[in-house]
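I opened a new model today and kept notes as I went. Here is what I was looking at.

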Amino acid sequence: MEAQTKPTLSRKSSSNSSFRLRSPSLNSLRLRRIFDLFDKNGDGMITVQDLNQALTLLGLDADFSELESTIRSHIKPGNDGLEFEDFVCLHHSLDETFFSNDEQSEVNQQDGMTQEESDLSEAFKVFDEDGDGYISAHELQVVLRKLGMPEAKELDRVEQMICSVDSNHDGRVDFVEFKDMMRSVIVRSA
């Protein structure tokens with residue numbers, strides 16, 4: 001029987017910059033939502049165990065001791081976990097470690113794609129699992145389920161979510177509709 005290897009938090013070269021979103025308002029909103037998802041008990045802190053469990057649910061099993069070492073360095077003395085400000089610092093630290101030499105930005109600028117569009121494109125790809133250029137209700141349901149969202153239990157609710165942004169009424173969300181939705185979320189939250 002072959003031993004399975006788990007991905008670790010060590011630096012890897014990557015052309016996928018979905019971790020890094022350079023739009024400050026989008027990044028702040030996204031980080032707050034991620035923090036709230038990981039903070040299952042609502043105490044304003046994310047423990048190493050909370051983060052490990054969330055990563056596992058997303059299929060991102062990490063070496064626990066390495067994860068613990070990385071996270072502990074960002075936890076304030078006397079705390080059992082990361083507060084939101086600590087989580088933001090952890091994010092920035094990982095961003096620097098993994099993407100400080102990221103050439104993706106230069107490639108996108110040469111292609112005429114703005115950084116915001118590049119970030120939104122990467123976010124869109126998270127939902128568009130089959131890569132067909134559309135987010136279906138099933139694809140949205142899969143992502144919501146991975147995140148432990150209660151909306152994922154009912155396909156009807158997921159379909160309603162799709163319909164609320166589906167401007168051409170084809171039953172799925174294309175990139176333009178996704179961009180419009182994300183921009184309206186950012187405007188409302190600002």
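**Ground rules.** This is a predicted model, where local features need pLDDT of at least 70, side-chain atom pairs count only at pLDDT 80 or more, and totals for chains, interfaces and linings use all residues. Residues are numbered from 1 along each chain as its sequence is written, and side-chain values use heavy atoms, with hydrogens and water left out.

**Confidence.** I checked pLDDT, the predictor's confidence in each residue, from 0 to 100. The protein's mean is 75, and 73% of its residues reach 70 or more. Strand 1 has the highest mean of the elements (93), while helix 5 (residues 104–110) has the lowest (49). Residues 1–21 stay under 50 throughout. Where pLDDT is low, the predicted coordinates should not be read in detail.

**Layout.** I found 9 helices and 2 strands, in the order α-α-α-α-α-α-β-α-α-β-α along the sequence. These are DSSP runs numbered from the N terminus: helices are H or I with at least four residues, strands are E with at least two. UniProt, in an unreviewed entry, lists "domain: EF-hand" at residues 26–61, 115–150 and 153–188; such annotations may be inferred rather than shown by experiment. I looked at residues 115–150: the span is 64% helix and 6% strand, and its end C-alpha atoms lie 32 Å apart.

**Helix 7.** How many of the residues of helix 7 are buried? I got 7 of 10 for residues 137–146, so this helix is largely enclosed by the rest of the structure. Buried means under 20% relative accessible area, exposed over 50%, and partly exposed in between (1.4 Å probe, protein chains only). Among the buried ones are Leu-140, Val-143 and Leu-144. The cover includes helix 6 (115–127), strand 1 (134–135) and helix 8 (155–165). After helix 7 comes Gly-148, with a positive phi near 75 degrees.

**The cavity.** A cavity is a set of points on a 1 Å grid over the protein atoms alone where a 1.4 Å probe fits but cannot get out; lining residues have an atom within 4 Å of a point. Helix 2 gives the most to the lining, with 4 residues. Gly-148 turned up here again, with Lys-146 and Leu-147 also among the lining residues.

Note on methods
Contact means heavy atoms within 4.5 Å. On a 1 Å grid over the protein atoms alone, a cavity is a set of points where a 1.4 Å probe fits but cannot get out, and a pocket is an open set with protein on both sides within 12 Å along at least five of seven lines; lining residues have an atom within 4 Å of a point.
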